[in-house]
Amino acid sequence: MTEFLQQLINGLSLGAIYALIALGYTMVYGVLRFINFAHSDVFMVGAFAGYYISKRIPRESLGGGLLVLAGAMLICAILGIVIERLAYRPLRSRSKLNVLITAIGVSLLLENAGQFFFGANPKVFPALFPVKTFTFGNGLVMSSNQMAVFIVAIILLVSLQFIVRKTKIGTAMRAVSFNPTAASLVGINNDVVISFTFGLGSALAAAGGILYALNYPSIDPLMGILPGLKAFVAAVLGGIGNIPGAALGGLLLGIIETFVNGSRFSTYTDAIAFAILILILLFRPAGLLGKLQVEKV
Amino acid sequence: MLTRSQLVLLTAIALSVVVSLFSNQIDPYYLLVIINVGINVTLAVSLNLVNGYTGQFSLGHAGFMAVGAYTASAISLFVGPKFFAALGSHGTPAAGALFFLALIVGGLVAAFAGLIVGIPSLRLKGDYLAIVTLGFGEIIRVIFRNIESLGGALGLNGIPPYTNFFWTYGVVAITVYVVISMVHSTYGRGFLAVHDDEVAAEAMGLNTTRYKIIAFVVGAFFAGIAGGLFSHSVTSIDPRGFDFIRSIEIVVMVILGGMGNTVGVILAAILLTLLPEFLRPIAEYRMMIYSLLLIVLMLTRPQGLFTIRKKLSVSAGEKGPMAKA
């Protein structure tokens, strides 16, 4: 029982990271109806931004850690907005295939530019927050890094929900997602909303990148590929375009993966996410919380 | 009576036999590069049938190449000795027969993998299809890593170097012939219809799913054969050699040449195989250049470098939700 709960905690902390990345996929899909392939590499840039900022800031302190987190989120938000402005906006009236290929190009560019500027060898990510281990009643162990994942993820998810539901720009985001033409008719500037969505999603990816690097403290320019793909699976699992769905999908996927990893099928861990993706697309293509849309001519 | 394209095919095969007879006159390094060009042309032309003509964006071509490479290598490594013993000869004809068998079986197993992958994933469109095929490509790789009898993560070594000029360019000629005649046949017009407008094609009574699966299976078949050629040229393979980057390289060839333009795709495959050889000093920036090329090409020339008329350009459709935003 203790082992089961322990695995559940590990799974939830991995899942919370997936959820943060998945939110970026799902929000961009919501407003633009396309999969931002480069999102997983924004996640990588977030981890590296944290790595370089942390060199100038005292380690293992709460304030310093939060400062690194905020700095990396800001850098990635700007990166996300720039990517959208330079690569995706000129293609907005073109076919989806063009945009998809461009997104793959941006993703590869970030990975290879990362190898060029950061070096291809893995780097050791420093401990940002004070390192402690908490032991609960019946032998459950939780590190301060896992704790940080839960706290940061919950704060970010709640504030995201607040932004999307209660603020003016959030209302505009939902309007654009619902019907872009009608949104622009009532005076919403679609470009601003789309830029904001990219910035918000990329900031969440950066937070995910830093939390991931805290728990798996070896970072390299290709580190984003697998977590990114899995987060995408999480977004589809929850219903792409649906914000609570992305969070649910991320948590579920994290738990499933952790349990598979603890079983004798552990060598297939990386394949399980894709198997889930294929099953969900076959049997419930709209995802767990999504609504099915019919293509109209 | 032979048609013109069949004559061209036979001439090309005959030519590859003749050149092959004199291939020991060619510097081994150049010969290797020329064989690589042929393998890449086969991969790109077969992927073009799926991504270009039929408009189904697949990112898992390296997975099918892996299936073909592993199957063909397993046949020459494990079946080969029994085959030679039964035939009682080790000579060139026996080796040629074995290699032919290995290539065909490799292609068929890859085609079967294409069928298994294609039936579920081709119900999806666009971005989803791209990610699912990418996922299948990765799953195929993970499976090979876990099969101990095929060397696991270390892969297979000591594969006999059967690949030569004749086999490579014979396969190139057949691939190009099959793809072109498929697309230009009455039946094959359906591929273009599916590419241009799937809903309209379905309304006209075409079984669009069947067209997509046929394109996928044929593409996988030739990718498998190219994999067999590849493994018998480099003589050792491991799962890492067939990763996502390999798929992307083939996709870049197709996009650079112009999706749905076989001649352009062949030119692009030749160009992208030769460039890194000529530009050795900057070879390590190859992927960076590829990615920039993709972005710039999509922004400025989405129809590809070598497509002059915008016959099958991907930017034809001014529709989709992106347009509304």
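This is a predicted model: local features need pLDDT of at least 70, side-chain atom pairs count only at pLDDT 80 or more; totals for chains, interfaces and linings use all residues.

Analyst: Leaving aside neighbours within four places in sequence, A:Ala19 is in contact with A:Ala153, A:Ala234, A:Ala246, A:Ala247, A:Gly250 and A:Leu251. A:Ala19 also belongs to the largest nonpolar core, which has 200 residues. A:Ala19 is among the core members with the most contacts inside it, along with A:Cys76, A:Ala206, A:Ala207 and B:Ala44. In soluble globular proteins, nonpolar side chains tend to be buried together.

Next, helix packing. Helix α9 of chain A covers residues 225–238. It packs against helix α2 of chain A, residues 39–54. The angle is about 130°, and the axes lie 8 Å apart. The crossing of α2(A) past α9(A) is right-handed. From α2(A), the contact uses A:His39, A:Ser40 and A:Phe43. From α9(A), it uses A:Ile225, A:Pro227, A:Gly228 and A:Leu229. By type, the residues of this contact are 4 nonpolar, 3 polar and no charged.

Now the interface. On chain A, 42 residues are in contact with 37 residues of chain B. Four helices of chain A each supply at least two residues to this side: α4 (96–118), α7 (180–185), α8 (190–215) and α11 (269–283). The largest share, 15 residues, comes from α4(A). The side of chain A that touches chain B divides into 27 nonpolar, 9 polar and 6 charged residues.

Notes
Residues are numbered from 1 along each chain as its sequence is written. Chains are lettered from A and ligands numbered from 1 in the order in which they are written. Axes are lines fitted to C-alpha atoms, for helices over the stretch in contact, and angles run from 0 to 180 degrees between N-to-C directions. A crossing is left-handed if the near helix is turned anticlockwise from the far one by less than a right angle, and right-handed if clockwise. Two residues are in contact if their C-beta atoms, placed from the backbone, lie within 7 Å. Ala, Val, Leu, Ile, Met, Phe, Trp, Tyr, Cys and Pro count as nonpolar, Asp, Glu, Lys and Arg as charged, and the others, Gly among them, as polar. A nonpolar core is a set of buried Ala, Val, Leu, Ile, Met, Phe, Trp, Tyr and Cys residues joined through C-beta atoms within 7 Å. A residue is buried if 20 or more other C-beta atoms lie within 10 Å of its own, exposed if 12 or fewer, and partly exposed in between; C-beta atoms are placed from the backbone.
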